[in-house]
Structure formats: structure tokens, C-alpha cells
Amino acid sequence: MTADIRKTSPPVSMRGKEMDAVRLLFVAGLLGLVVGVLFILVQPFFGMDTLTSRHAAAYQQLGGWSATPALLMAWFAHLAVSLVYGLMCGLVVMAVSRMPMIALWTLAFTWVTTVIAPPANALIVQLVSYQQLDAGKLPGLNFNFDEKLALHLVVFAAIIGPLYVYRKMNPVGRSDAT
């Protein structure tokens, strides 16, 4: 008894599209991680302490963590967010083909993440420090046009730009098997 391969396997072109999408998302996640590391390295040039050092200090103060685990957790949390940023960018680049629309999405991501960054970072600190979640202790939203906005714009542009080029060089649906 043999299975009819036509009924159990997707067509070759479909497998290629799925693989291209997975590859694009892999590259997007990788770019998110790399840009996340670069973000920390560049932050001092904008006159700020690094996000990871601020989080690590808060974990030590609020959660009683020692220095090394606090710094490792700060990096883990930061890179997890960077990975999500990369994957979000990957989904946009996969779904949208016109550069003006991709630029609009980049600006939208920049604005939203800048606005929610202060309370989101404080929430992460509360969670990691095993504090009771207290919305009253969260800082307000950031509607300022400041260095944080500029940094977020650089982050998203540094992810989406190379992804857009990668997608143009490797269009979804192009299969190596054909």
C-alpha cells in the first residue's frame, strides 16, 4: 500500500514559498538580535546610560539580585525584545512590497515603541524583580521628539533596510529547486 504523494505533499513551489518565508523571518530575527546589541553599544553616544545597565541596577536594587545575574537577565530581556522587533519587521517586509508603505510601518513602529518604552521598561523591571505589578508606579508615556525617538528610528531602519534588500534579492516564492 503506497500513499499518493500528490495528496500528501504540497507542490514544490508552495514548499519554496514556505521556506523563503521561514528564511526571511530567520534573517529578521537575527538582524533584530544584532541591532539590539548595536543599540546598547550606541546608547552612550546619545548621552544615556545603557538600557541593560539601568535594568541590571534596578534588578539589584528592587529584586536583590547580584551583579552578574542581574546583567545577564537585563541582556536576555533586551535581546528578547530585539528579537520580537526583528520578527515584526520581517512580517512587514514579507507582507508589504512597496517601499513607501514599509517606510510608513517603520515610522509607526518607531513612534509606538518610543511612546510605550518608559512604562514597558518599568513593567519588565517589576516582573523580573518579582515586584507586585503596580500600574501606579509606571512612568508616563513618552511623546517627546528626543534622542529615544531617534534611536528607535535607527533601530527599525537598521532592521527593515537590510531586510528589504534581502527580500528584493530573494523574492518569496523563488525556489532553489526550480
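Q: How many helices and strands are in the protein chain?
A: The protein chain has six helices and zero strands. Both are DSSP runs, numbered from the N terminus: helices are H or I with at least four residues, strands are E with at least two.

Q: Where does this model come from, and how are residues numbered?
A: This is a predicted model, where local features need pLDDT of at least 70 and side-chain atom pairs need 80 or more, while totals for chains, interfaces and linings use all residues. Residues are numbered from 1 along each chain as its sequence is written, and side-chain values use heavy atoms, with hydrogens and water left out.

Q: Ok, what share of the residues is buried?
A: Of the 178 residues in the protein chain, 34% are buried. Buried means under 20% relative accessible area, exposed over 50%, and partly exposed in between (1.4 Å probe, protein chains only).

Q: What about T52, buried or exposed?
A: T52 is buried, with a relative accessible area of 3%. T52 sits in helix α3, residues 51-63.

Q: Which residues does T52 touch?
A: Leaving aside neighbours within four places in sequence, T52 is in contact with I40, L71, A74, W75 and H78. Contact means heavy atoms within 4.5 Å.

Q: New topic. How do α5 and α6 cross?
A: The axes of helix α5 (residues 99-128) and helix α6 (residues 147-169) come within 9 Å and cross at roughly 145°. Axes are lines fitted to C-alpha atoms, for helices over the stretch in contact, with angles from 0 to 180 degrees between N-to-C directions.

Q: Which residues make that contact?
A: Among them are M99, I102 and F109 of α5, and L149, F156 and Y164 of α6.

Q: Why is the Y85 and F156 pair called tilted?
A: Their ring planes are at 45°, so the pair is tilted; the centres are 4.9 Å apart. Y85 lies in helix α4 (residues 67-95) and F156 in helix α6, so the pair ties together parts 71 residues apart in sequence. Both Y85 and F156 are buried.

Q: And what about F109 and F156?
A: F109 and F156 also form a tilted pair, 5.5 Å centre to centre with 40° between the planes. F109 is in helix α5 and F156 in helix α6, 47 residues apart.

Q: Which residues do ring pairs link into a cluster?
A: The cluster is Y85, W105, F109 and F156.

How values were computed
Rings of Phe, Tyr and Trp (its six-membered ring) pair if their centres lie within 6.5 Å; planes under 30 degrees apart count as stacked, over 60 as edge-to-face and the rest as tilted.
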